Amino acid sequence: MPFFGNTRSLERKLDEFHDTLTEGSLVFREAITAYLDDAEDVFARKLADIDKLESRADRLSAEVEAALYSQSLIPEHRGDVLGLLEHGDEIIDRAQTCLQRFDVERPSIPECWRPHYRRLAEASYQAADAAICASRRFFREPSAVSDFLVKVQHHESEADEIGLDLRRGIFSDQALDLAHRQHLRYFAETVDRVADVAEDVADRLAIYVIKRQM
Amino acid sequence: MDGGILLFLSSGLFLGWSLGANDAANVFGTAVGSRMVRFRTAAVVCSLFVCLGAVTGGAGAAHTLGRLGAVNALGGSFTVALAAALATFAMTRLGLPVSTSQAVVGAIIGWNLYAGMVTGTSALSKILLSWVLCPVLAAVVAVVVYDLMRRIRKRTRMHLLRQDAAVRWGLLVVGAFGSYSLGANNIANVMGVFVPDNPFNDLVVLGITVTGVQQLFLLGGLAIGVGVLTYSERVMRTVGNRLLRLSPEAALVVVLAQSVVLFLFASEGLEGWLAARGLPTLPLVPVSSSQAVIGAILGLGLLKGGRGVRWRPLGGVGLGWLATPVVAGVTAFFLLFFVDNVFDQPVARPVTYRIDAAVARQLETEGLDIATLSLLVGEEHTNALVLQDRLTETAGLAGGAARRVIEMAEMSPTWIDLGRTNLDLDRDWLALDQLHALRSVSGRRFEHRWQLHQALAEASPLWRLREETPLNRVWNQELRQKLAHIDRVFAVTETHP
């Protein structure tokens, strides 16, 4: 039987987990911007940062999961919370994977397409940030979650549109050879994937909120 | 210690065990069913607080015979307790949450039929009404409390984990309180009948005196505790999950609603408080915690549109409620026959009824037309049911009037002999003026109970019953307990002719 002290410590861990996700999404946006600005050292620093943040998120998620099971906490919502942690963690995983691909494959992005990538990264960041805010609210104020879910939908659609425009533009650019076009398309999709994961989190949250309010 | 008494105690212990196996589910069933409290934790807390309630809160019942008080022979008490326990056990085996009180009521009616006693229809109808009112009120309270909790949750914006911890602790605290009440209130059902023949002597442990009655109640409490630990898990899960899947918050609401309803129906303090302020009072009726819990669960189910309610097991529970008193009554009747005729144990003290001149005079002062009774004066009956029939046929009396005549006609000779050596009179319990009044009637013999009560009332105002109002309830209740004590102590028996 946990005392309130244990509960507070677990609450802190959950808050820390969400802080880590928020920081991770910010680092993701800054790293893409640095790459597009050719600021190699900043990009390298941000890449190292996201590695640390991703490990921290994994550790916190595992600790919360273990505590929920070992202390038989929130039996009614345990499955939902574990699903939420898993999918929240997926946001930072995707962001890390994306940055690692930039680091490994070093795509050559023509100057004319860079603003599109910047806008795409911004929309993905906004979707991820809104999803993280919604997840945080789920624990304290489930009725406020829906406001953030609307934002996630909006930014995810925006990211889809920008991604589509970008891919269409790249493939109509005669100055690029096919391999280069495919490489750029692949990176547009990789950045857009972060917004897709944010949408997955939002979809799950919409159901969890209904279950909590029943 | 008399071995025979211990043998008789065994049926009380069995009833205690059945009560633990069954009624603990009312307190912790929803908590265990919703997986908020582990069964082991619930069982340990429940057993502990049941024992605590039995020893500390149950001692107040030391001067009463509990609800089985009408049963006037130890063999009868043993058999009635056994029949109630068997009925409860059978229902527990079926996984149905039944009320032990219901089983006891059924078994007493069985004894009344066997012993030829009249069952008080007004008390019975009050009890039957409470079996309907209690679940309805519990449902209403549950809906109100649930709505209140939902509003509080919205306003406080409590973290899900903290809310979970608060509900967990709430369930444990309310459950512990419920267990304490269960021990305090139901120990009289289990052990009340054995108080007059208590085999235990007072003990001094670490400078604290543990009375014989407390030891007896502790034994009963332990029997309830063993019932909780060994057999309550299945019923807990039935109450918790089979009727409606409950969220932890709903589980807390159910336990809380049950406690509130039991409090509303049982609190003399609340009644006195309301009466003192000129507010309408609630009738004080012993209600079943099983019915309160089921009512509360159903209330929540209906609040959510009734979609999640599993009606089939609910029908089973309802059937259990109807069947329990009937099964207990029939079992008691046959067991009494068996114990009486096969084991040759007295199960009922023979009671004689005689409408003599004194009875006729008293009834006349109460406004009854005794001309209709003239044919019956001098007749003696050993069966109240036969006398009741005679009253209806010959004098055209029925209902309350007939019951009053039977009550007055009951022969219960008492001889006030204060100089007796083995006098078991609890002098500390009586006021000085009451003792003086008792002395003033010393040496006199009374054929009817009411004659002794009347003589005492004439001797001292402290022996007078007051008008039946909620404000006077506590006074009258205690006075009746004292009068019953005097009746028992000075009753003319073989050892005290």
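Visitor: Which residues does Ala296(B) touch, not counting residues up to four places away in sequence?
Guide: Happy to start there, with the reminder that this is a predicted model. Ala296(B) is among the residues with the most contacts inside the largest nonpolar core. Leaving out residues up to four places away in sequence, its partners are Ala138(B), Ala139(B), Ala142(B), Val253(B), Val254(B), Ala257(B) and Gln258(B).

Visitor: Which helix gives the largest share of that core?
Guide: The core has 120 residues, and Ala84(B) and Val254(B) join Ala296(B) as those with the most contacts inside it. At least three of its residues come from each of domain 1 (3–341) and domain 2 (353–409) of chain B. The largest share is 14 residues, and it comes from residues 3–33 of chain B, helix α1.

Visitor: How many residues are in the other core, the one that lies apart from it?
Guide: For this one, look at chain A. Ala31(A), Leu53(A), Leu99(A) and Cys133(A) are among the members of this separate core. Its size is 67 residues.

Visitor: How many residues of domain 2 of chain B are in contact with domain 1 of chain B?
Guide: Chain B is divided into domain 1 (3–341), domain 2 (353–409) and domain 3 (414–489). On the domain 1 side, four residues take part in the contact with domain 2. By class, that domain 1 side has two nonpolar, two polar and no charged residues. On the domain 2 side, the number is six.

Visitor: What share of the contacts in chain B with a separation of 6 or more comes from residues 24 or more positions apart?
Guide: As background, chain B has 18 helices and six strands, and 43% of its 497 residues are buried. Among its contacts with a separation of 6 or more, the share from residues 24 or more positions apart is 82%.

Visitor: How many residues of helix α4 of chain B are buried?
Guide: This helix covers residues 100–115 and reaches 22 Å from its first C-alpha to its last, close to the 22 Å expected at 1.5 Å a residue. Gly116(B) follows α4(B), with a positive phi near 75°. The helix is mostly covered: of its 16 residues, the number buried is 15.

Visitor: Which helix gives the largest share of the side of chain B that touches chain A?
Guide: The contact between the two chains involves 15 residues of chain B and 16 residues of chain A. The chain B side divides into five nonpolar, four polar and six charged residues. Six residues of that side come from one helix, residues 160–191 of chain B, and this largest share belongs to α6.

Visitor: What is the radius of gyration of chain A?
Guide: Chain A has six helices and zero strands, and its C-alpha atoms fill a box of roughly 65 × 35 × 20 Å along the principal axes. For 214 residues the globule rule gives 17 Å, and the value for chain A is close to that, so the chain is as compact as a globular protein of that length. The radius of gyration is 19 Å.

Visitor: Is Asp15(A) buried, partly exposed or exposed?
Guide: Asp15(A) sits in helix α1 (residues 4–36) of chain A. Its C-alpha atom is 9.9 Å from that of Leu60(A), 45 residues away along the chain. A residue needs 20 or more C-beta neighbours within 10 Å to be buried and 12 or fewer to be exposed. Asp15(A) has 14 inside 10 Å, so it counts as partly exposed.

Visitor: Where does Asp38(A) lie, and is it buried or exposed?
Guide: Most residues other than glycine have a negative phi. Phi of Asp38(A) is positive, near 60°. Asp38(A) lies in the loop between α1 and α2 (40–70) of chain A. With 10 other C-beta atoms within 10 Å, Asp38(A) is exposed.

Visitor: What is phi of Arg106(A)?
Guide: Arg106(A) is in the loop between α3 (78–105) and α4 (114–140) of chain A. It has 9 C-beta neighbours inside 10 Å, so Arg106(A) counts as exposed. Although Arg106(A) is not a glycine, its phi is positive, at about 45°.

How values were computed
Residues numbered from 1 in each chain as written. Chains lettered and ligands numbered in written order. Predicted model: local features only at pLDDT ≥ 70, side-chain atom pairs only at ≥ 80, totals over all residues. Helix = DSSP H or I, 4+ residues; strand = E, 2+ residues; numbered from the N terminus. Contact = placed C-beta atoms within 7 Å. Core = buried A, V, L, I, M, F, W, Y, C linked by C-beta atoms within 7 Å. Domains from an automatic or database assignment. Nonpolar A, V, L, I, M, F, W, Y, C, P; charged D, E, K, R; others polar. Expected span 1.5 Å × (residues − 1). Rg over C-alpha atoms; globule rule 2.2 N^0.38 Å.
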